[in-house]
Amino acid sequence: MIRVQQQDFDPAEEYRALRDSGSGTGAIATFTGLVRDSGDLKGVTGLFLEHYPGMTEQVIEGLIREASERWDVREARVIHRVGYLALGEQIVFVGVCSAHRGDAFAACEFIMDALKTSAPFWKKEITGDSEHWVEQKTADLDRTQSWE
Amino acid sequence: MTADNTITVKFFARLREELETASLSVEAESGLTAGRLLHSLAARGGNWTQLDGAQPVMIAVNQVMTKPDKVLQPGDEVAFFPPVTGG
């Protein structure tokens, strides 16, 4: 299940959906990313998130498929918000249920890491008096490559 | 020029803002690659020159990431954008 949307989401509801969906599920791992006050800039008050409609969903579907080939994944949910998000707001949710915790942790982390470097989303940091498109980080690329 | 022999070009994020263009159409020439299209757009001058290697530009054709040597066909959708930074 993949959703790209402006509106907020409820991680508890997403957890319940994961728990109710998978037969044989023994473990659920979830990750939620939030807007923080510093990135490339200090004093960030919000983010603007842009995406490439259609391609974004296809890329994330591919990541979930790849995760399912590498680990036991019974169900996965990815939600990514777009538009303006204020400090502290939720940006992204990744949840995976599996028979075992190791697979749930690994698949969840893999999907999140790969999403950051291959799904067409772009973040613009906004402070009181400036805006700045976030540049891709070598550390993010290294994390994604570490799964290869 | 008809819709049948055109290629749609899309720009996203920083490129969309700096080029002040979200989408345009170009004529599909035989053997045109994504890289040559990028080069020809850079030749427009001004802010367009940044497409010629000053900053990394990612390429997707029909919503699949690809390399500059990808040959384009009439009806293709080509997107140029900066490296992604979601999540």
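I'll start with one pair: Lys124(A) makes a salt bridge with Glu17(B), and the closest N and O atoms are 2.6 Å apart. Keep in mind throughout that this is a predicted model.

That pair sits in a wider set of contacts. Two salt bridges are found across the interface of chain B and chain A. There are also 16 residue pairs in polar contact between the two chains, counting pairs with both residues at pLDDT 80 or more. On the chain B side, α1 (13-19), β4 (64-66) and β5 each supply at least two of the residues that touch chain A. The largest share comes from α1(B), with four residues. Sorted by class, the side of chain B that touches chain A holds ten nonpolar, four polar and five charged residues.

How many residues of chain B are in contact with chain A? The count is 19, and they meet 26 residues of chain A. Between them the two chains bury about 1800 Å², with 56% of that on carbon and sulfur atoms. Within chain B, the residues that lose the most area to chain A are Gln63(B), Thr85(B) and Gly87(B), and together they make up 38% of what that side buries.

Back to Lys124(A). Inside its own chain, Lys124(A) also forms a salt bridge with Glu131(A), at 3.0 Å between the closest N and O atoms. Glu131(A) counts as exposed, because its relative accessibility is 54%, over the 50% cut-off.

Next, the other salt bridges. The total over all chains is 14.

In chain A, Lys137(A) and Asp40(A) meet through their side chains in a salt bridge, 2.7 Å from N to O. This pair links distant parts of the chain, 97 residues apart: Lys137(A) is in the loop between β8 (131-133) and α4 (138-145), while Asp40(A) is in the loop between β2 (27-34) and β3 (46-51).

In chain B, Glu77(B) pairs with Lys10(B), and here the closest N and O atoms of the salt bridge are 3.5 Å apart. These two also connect distant parts of their chain, 67 residues apart, with Glu77(B) in strand β5 (residues 77-81) and Lys10(B) in strand β1 (residues 6-11). Glu77(B) counts as buried, at 18% relative accessibility, whereas Lys10(B) counts as partly exposed, at 24%. Chain A, for its part, has a network in which salt bridges with shared partners join Arg3(A), Glu14(A) and Arg77(A).

Last item, a helix in chain A. Helix α3 covers residues 101-118, which is 18 residues. From first C-alpha to last, α3(A) reaches 25 Å, close to the 26 Å expected at 1.5 Å a residue. Which residues of α3(A) are buried? Among them are Ala104(A), Ala107(A), Phe110(A), Ile111(A), Met112(A) and Leu115(A), but the list also includes Asp113(A) and Lys116(A). And what covers the buried residues of α3(A)? The cover includes β2, α2 (55-70), β4 (75-81), β6 (90-98), β7 (121-126) and α4 of chain A.

Technical notes. Residues numbered from 1 in each chain as written. Chains lettered and ligands numbered in written order. Predicted model: local features only at pLDDT ≥ 70, side-chain atom pairs only at ≥ 80, totals over all residues. Heavy atoms only, no water. Salt bridge = Lys/Arg side-chain N within 4 Å of Asp/Glu carboxyl O. Buried < 20%, exposed > 50% of the residue type's maximum accessible area, 1.4 Å probe, protein only. Contact = heavy atoms within 4.5 Å. Buried area = accessible area lost by both parts, 1.4 Å probe. Polar contact = N/O pair within 3.5 Å; in protein donor to acceptor, adjacent residues only side chain to side chain. Nonpolar A, V, L, I, M, F, W, Y, C, P; charged D, E, K, R; others polar. Expected span 1.5 Å × (residues − 1).
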